[in-house]
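Subject: Structure handover

Hello,

Here is the structure I promised to pass on. Please open it first, then read the notes below it.

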Amino acid sequence: MAEEVILLDFWPSLFGMRARIALREKGVEFEWREEDLSNKSFQLLKMNPLHNQIPVLIHNGKPVCESLIMVQYINETWGRDSTESRLLPSDPYERACARFWADYVDKKSVGRRVWLSTGEAQEAAKKDIECLKVFEGELGDKACFGGERFGCVDVSLIPFYSWFYALETFANFGMVEECPKLVAWAKRCMQRESVAKSLPDQYKLYEFLLELKKKLQAQ
Ligand code: GS8
């Protein structure tokens, strides 16, 4: 039986990008359904009744919610026998470390306060960006977060690259000066088709955030 894979998504979503990248890493064909978050579809409300949020992966009619759980599900469901496309290490300790860092990316939600705030609040929020230096330290001289191979931590953090220009502009933060290794890593990741196809243009995203900020401030 042919598989049905649908992704309920919204183009600027960092969380949606994770799912897109993981599916493309595994070579899974999927139908991409763009949601209007101000007028959510019946399907979204039904498939994610607790949070009503995108992304939702619908695999043969069954929903999987929460982007990090989705990445793990995708990893366990497709290409299990291929070492090449494995997104989590086989060693339990290394796997625990990868999960820790992916979770840390989530908990930090870098940048959100920066683009939404202004003045003093924005100055305070800039400390959020400082945590990028923690990632810079963890990456060190490795090619990817897990070592040589692109994996779950890379999938969790790389969507954030599409926000780099916006953060640099909103917060006057020089990514290359402050986090050169992270920028070099991001450029390496962008050479992967799965990533390049899944991340929106940085300038388009900046325009989107600018408009959204205006709307939110007018409320
Ligand atoms: C977060 C999803 C989320 O915030 C995950 O999948 O990892 N922890 C979840 N989705 C947002 C869009 S992206 O900013 C969303 O759907 N917002 C609409 C709403 O909350 O009404």
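A definition to begin with: axes are lines fitted to C-alpha atoms, for helices over the stretch in contact, and angles run from 0 to 180 degrees between N-to-C directions. Helices (H or I, at least four residues) and strands (E, at least two) are DSSP runs, numbered from the N terminus.

This is a predicted model: local features need pLDDT of at least 70, side-chain atom pairs count only at pLDDT 80 or more, and totals for chains, interfaces and linings use all residues. Residues are numbered from 1 along each chain as its sequence is written, and side-chain values use heavy atoms, with hydrogens and water left out.

**Helix α3 and its partners**

The axes of α3 and α4 cross at roughly 145° and come within 11 Å. Contact means heavy atoms within 4.5 Å. From α3, the contact is made by Leu68, Gln72 and Glu76. From α4, Arg99, Ala102, Asp103 and Asp106 take part. By class, this contact of α3 with α4 has four charged, two nonpolar and one polar residues. For these classes, Ala, Val, Leu, Ile, Met, Phe, Trp, Tyr, Cys and Pro count as nonpolar, Asp, Glu, Lys and Arg as charged, and the others, Gly among them, as polar.

Now α1. Helix α1 (residues 14-25) packs with helix α3 (residues 67-77) at an angle of about 5°, their axes 9 Å apart. That makes α1 roughly parallel to α3 (angles under 35 degrees count as roughly parallel, over 145 as roughly antiparallel, 65 to 115 as roughly perpendicular and the rest as oblique). Phe15, Arg18, Ala19, Ala22 and Leu23 in α1 meet Ser67, Leu68, Met70, Val71 and Ile74 in α3. This contact of α1 with α3 has eight nonpolar residues, one polar and one charged.

Which residues of α3 are buried? They are Ser67, Leu68, Met70, Val71, Ile74 and Asn75 (buried means under 20% relative accessible area, exposed over 50%, partly exposed in between, with a 1.4 Å probe and protein chains only). They cover an arc of only 155° around the axis, so they sit on the same side of α3. The arc is that of the directions from the helix axis to the C-beta atoms. Their cover includes β1 (5-9), α1, β3 (56-59), β4 (62-65), α4 (92-108) and α8 (152-157). After α3 comes Gly79, with a positive phi near 60°.

**Helix α6**

Helix α6 (residues 119-130) has twelve residues. From first C-alpha to last it reaches 18 Å, close to the 16 Å expected at 1.5 Å a residue (the expected span is 1.5 Å times one less than the number of residues). Gln122, Ala125, Asp128 and Ile129 are its buried residues. They lie on the same side of α6, because they cover an arc of only 95° around the axis. Glu120 and Lys127 are exposed, on the face turned away from the buried side of α6.

- Lys213 lies in helix α13 (residues 202-218). It counts as buried, at 9% relative accessibility. Leaving aside neighbours within four places in sequence, Lys213 is in contact with Trp115, Leu116, Ser117, Thr118, Gln122 and Phe170.
- Phe135 is in helix α7 (residues 132-139). Its relative accessible area is 0%, so Phe135 is buried.
- Leu167 is found in helix α9 (residues 164-171). Leu167 is buried too, at 0% relative accessibility.

Best wishes
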